[in-house]
Amino acid sequence: MARVLLPSALRPYVNGAKEFDIDAPTLRDALDTLRDQSPALERRLRDERGTLRRYVNFYIDGDECRTLEGLDTPLSPKTELMIIPAVAGG
């Protein structure tokens, strides 16, 4: 199972979980599973067309998914998926 790591900003949408394991062959499948478990989190990760939101980065074993195969990036049982939303201030 792949390990999903979430920053504190996203934890309220998954009952405070810092990390958890997910069984999914691709990033798309992992996000679909997250959508089924937490619809509120889905709205922060993908838009209504299912496209990754620009301001959220998805790191798969340290590499941003957009430099890999995007939503079709494969996940192995030992994959670490970090989901990091951009932080803006002013």
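**Close-up views of a predicted model**

**View 1. Asn-15 lies in the loop between β1 and β2.** Strands such as these (E, at least two residues) and helices (H or I, at least four) are DSSP runs, numbered from the N terminus. Asn-15 is not a glycine, yet its phi is positive, at about 55 degrees. The residue is exposed, with a relative accessible area of 82%; exposed means over 50%, buried under 20% and partly exposed in between (1.4 Å probe, protein chains only). This is a predicted model, in which local features need pLDDT of at least 70 and side-chain atom pairs count only at pLDDT 80 or more, while totals for chains, interfaces and linings use all residues. Residues are numbered from 1 along each chain as its sequence is written, and side-chain values use heavy atoms, with hydrogens and water left out.

**View 2. Strand β1 (residues 2-5) runs antiparallel to β2.** Four bridges join the two strands; pairing requires at least two bridges found by DSSP. Arg-3 has Asp-21 of β2 as its bridge partner.

**View 3. Helix α1 (residues 27-37) has Leu-27, Ala-30, Leu-31 and Leu-34 buried.** These buried residues fall within an arc of 95 degrees seen down the axis of α1, so they line one face of the helix; the arc is that of the directions from the helix axis to the C-beta atoms. Their cover includes β2 (19-22), α2 (39-45), β3 (56-60) and β5 (80-85).

**View 4. Asp-61 is found in the loop between β3 and β4 (63-64).** Its phi is positive, near 50 degrees, in a residue other than glycine. Asp-61 is partly exposed, at 48% relative accessibility.

How values were computed: Contact = heavy atoms within 4.5 Å.
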